[in-house]
Amino acid sequence: MFDRNNRTDFKEIALEPSPLEVAGRTLMVTVDFEGFRPSLLDSWLAAMRRWASHSASAGLRSCIFIALEDVARLRHAQPDRYDDFLEAVTMLHESGAAFYPHNHGVFDSTTGMQADYRPERVSGYSKRASFFYDVVHRHRLNVTDWVRSLLGHYQTFLTTAGIVQPTSLAFRAGGWDHGATLNERVQYIQALSNAGIRYDSSVSRGDFGTRGFRVGAPFGSNVFALTTSLIEVAPCWSVNCGTELISRSSLRSVSKILAQPQVWALREREGAFVIVLHFDHLFRVRGKIVDDIDNTTVVRRLDRFFRVMCSMRKLLNFSSVSTFEDLVVLPNGPPLQCRG
């Protein structure tokens, strides 16, 4: 699954490509919260409330990367229901979820609309043409300026929801698109650093659409310094929360765990085991979002997901479930990050 030498796209430009130590054996559940439609709002709200209930009772915290373009689109399309959405957001926050910015490219600040034509594959561009491609190539914007504008949208969202901004910010590029060339990746890293973002969780390697494309890095080598102020905390495992327990997707997920013996064989080894899932998978059938999906199906999927997560936490001996705000990274010297 992974390159054992940690040859991610950031290895050549990282300040310290060798892994950083993380205090504790930490489980981090990260959720890409994107792709929601106004037509599915009632189902999304029900799922958000169910997630909050499970999270509170199980003590299973989560890091939610919320697509800011979708927030703007929902606010514009259904202003009379936006307060209902914010209420569910608050429930998630109170259950232990922390919200972080996420984005797939330039959008209208009022309507949330993006470019009409956004192909995932563009000739000459080796990554999925999403965040970086849209900002820099399609709209010819400075990526640092765009990241700073994103933080303005993010802060407005938190303030309206009555949520205090996390002490340490994390960012995930939509489509795992952090630039296709070395120079573009430098631009991306500098943009996050200049904006005061503490953690990135976007690294990949290889060309999108090929067998060599991989997201993240293996447990134990997935945390490393990009600059003096920016740390990569890469995903170690992806899981489809909308799949059946016995399915090809589930079997692939199991194989990805088995490919990382440092997780299951060395059950005392400290580090941050970062899981990534997509909330919209709860509403998909055969890979496509279904507007009229039965809520009982969504609830059943959520219930099963939390049972699996709780069992895995116990089986793999994770001592804590944390957010980026809690993460303590220990280099050879004083801590780079302590909870604010």
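**Cysteines and the largest pocket**

Searching the whole structure, which is a predicted model, turns up zero disulfides. Cys241 takes part in no disulfide, and the nearest cysteine sulfur to its own, that of Cys310, is 15 Å away. A disulfide is a covalent bond between the sulfur atoms of two cysteines. For a pair to be counted here, the two sulfur atoms must be within 2.5 Å. Seen from the other partner, the sulfur of Cys310 has its closest cysteine sulfur in Cys241, and because the separation is 15 Å, the two are too far apart for a bond. The surroundings of these cysteines can be described as well. Cys241 has a relative accessibility of 3% and therefore counts as buried. Cys310, with a relative accessibility of 25%, counts as partly exposed.

Attention now turns to the largest pocket, which holds about 1600 Å³ of space. Its lining is made up of 49 residues, and those closest to the pocket centre are Glu34, Arg128, Trp176, His278 and His281. Sorted by class, the lining comprises 16 nonpolar, 17 polar and 16 charged residues.

Several elements of secondary structure contribute to this lining. At least two residues each come from helices H2 (68-77) and H7 (248-258), and likewise from strands S8 (214-215), S11 (237-238), S12 (271-278) and S13 (284-285). Helix H7 gives the most, supplying four residues to the lining of the largest pocket.

Methods: Residues numbered from 1 in each chain as written. Predicted model: local features only at pLDDT ≥ 70, side-chain atom pairs only at ≥ 80, totals over all residues. Heavy atoms only, no water. 1 Å grid on protein atoms, 1.4 Å probe; cavity = no way out; pocket = protein on both sides within 12 Å on 5 of 7 lines; lining within 4 Å. Points joined across faces, edges and corners; volume = space filled by probe spheres on them. Nonpolar A, V, L, I, M, F, W, Y, C, P; charged D, E, K, R; others polar. Buried < 20%, exposed > 50% of the residue type's maximum accessible area, 1.4 Å probe, protein only.
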